[in-house]
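This briefing goes through one protein structure, from the overall build to single residues. Please keep the sequence and the 3D view at hand while reading.

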Amino acid sequence: MPSGTLTGIALEDMALLQVDTTGATASADSVNGNATADKILDGVEDARHRWESEHGIDNVWVEIVLPRPTELWQLHIAWEAASAKEYKVFFSESAAGEDFTQVAHVTSSTGGNRTDTVSPSAVLQVRRIRIQCIARITDYGYSIMEIYCYNFTGV
């Protein structure tokens, strides 16, 4: 998490709040069956409610478009066992996804169901979040059960 102060309070001493993603949409460039991208925002964290990419294909992405500009301090990505060993996180201030900024590059992740905490290297007014899955853990595709966004206001 970026460090510093906000109105005299150390950021490390403040509680993060989950962002209300009502009205957000999700899409992906690869989908396996009915395991569509919208399931990463449905509030259900289990293997029956997940986005899954086509099997055996690397370098795919899944995106969230937030309904309004939102300052993001942290993401939690709940992976199913078919997860990414390597992936990048990008933010865009544009709902159209122009001018993405890479805010994280995760390498050498371990397998199995897990939740990764990603603290971006830059805090931006975000409209679009892209997870670029680069290398798989398994021979299957990529599978994310839920993505949670956090900041200090919950909005």
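In which loop does E80 lie? E80 sits in the loop between β7 (74–79) and β8 (84–92). The model is a predicted one: local features need pLDDT of at least 70, side-chain atom pairs count only at pLDDT 80 or more, and totals for chains, interfaces and linings use all residues. Residues are numbered from 1 along each chain as its sequence is written, and side-chain values use heavy atoms, with hydrogens and water left out.

**Overall build**

- The protein has zero helices and twelve strands; helices (H or I, at least four residues) and strands (E, at least two) are DSSP runs, numbered from the N terminus.
- Along the sequence the pattern reads β-β-β-β-β-β-β-β-β-β-β-β.
- The radius of gyration of the protein is 15 Å, which agrees with the value near 15 Å that a compact globule of 155 residues would have. This radius is taken over C-alpha atoms, and the globule rule is 2.2 Å times the number of residues to the power 0.38.
- Taken along the principal axes, the C-alpha atoms fill a box of roughly 50 × 30 × 30 Å.
- Among contacts between residues at least 6 apart in sequence, 75% join residues at least 24 apart; contact means heavy atoms within 4.5 Å.

**Surface and charge**

- Of the 155 residues, 46% count as buried. Buried means under 20% relative accessible area, exposed means over 50%, and partly exposed lies in between (1.4 Å probe, protein chains only).
- The accessible surface comes to about 7,200 Å², and 47% of it belongs to carbon and sulfur atoms. Such areas come from the Shrake-Rupley method with a 1.4 Å probe; for residues, only the protein chains shown count as cover.
- The protein has 11 positive and 21 negative charges, and their mean positions are 4 Å apart. Lys and Arg count as positive and Asp and Glu as negative, while His and the chain ends are not counted. The place of a charge is NZ of Lys, CZ of Arg, CG of Asp or CD of Glu.

- E80 counts as buried because its relative accessibility is 17%. Not counting residues up to four places away in sequence, E80 touches A47, R50, G112, N113, S143 and M145.
- E52 is part of strand β5 (residues 51–52) and counts as buried because its relative accessibility is 10%.
- The side chains of E52 and H55 are joined by a polar contact of 2.7 Å. A polar contact is a pair of N or O atoms within 3.5 Å; within protein, one must be able to donate a hydrogen and the other to accept it, and residues adjacent in sequence count only if both atoms are side-chain atoms.
- Beyond its neighbours within four places in sequence, E52 is in contact with residues including S30, V31, Y142 and S143.
- E63, in strand β6, is buried because its relative accessible area is 3%.
- The side chain of E63 makes a polar contact of 2.3 Å with the side chain of R128.
- Leaving aside neighbours within four places in sequence, E63 is in contact with T25, A26, S27, F100, R128, I129 and R130.
- L124 is 61 residues from E63 in sequence, and the two are 16 Å apart in space, C-alpha to C-alpha.

**Two partly exposed strand residues**

- S27 belongs to strand β4 (residues 25–28) and is partly exposed, with a relative accessible area of 31%.
- S27 and T117 are 90 residues apart along the chain, and their C-alpha atoms are separated by 21 Å.
- H105 is in strand β9 and counts as partly exposed at 39% relative accessibility.
- What joins the side chains of H105 and E86? They make a polar contact of 2.6 Å. The two residues are 19 apart in sequence and 7.6 Å apart in space, C-alpha to C-alpha.
- Not counting residues up to four places away in sequence, H105 touches E86, Y87, K88 and I134.

**Backbone angles in loops**

- Most residues other than glycine have a negative phi.
- N59, in the loop between β5 and β6 (60–71), has a positive phi near 60°.
- S108 is not a glycine, yet its phi is positive, at about 60°.
- S108 lies in the loop between β9 (101–106) and β10 (114–118) and counts as exposed at 62% relative accessibility.
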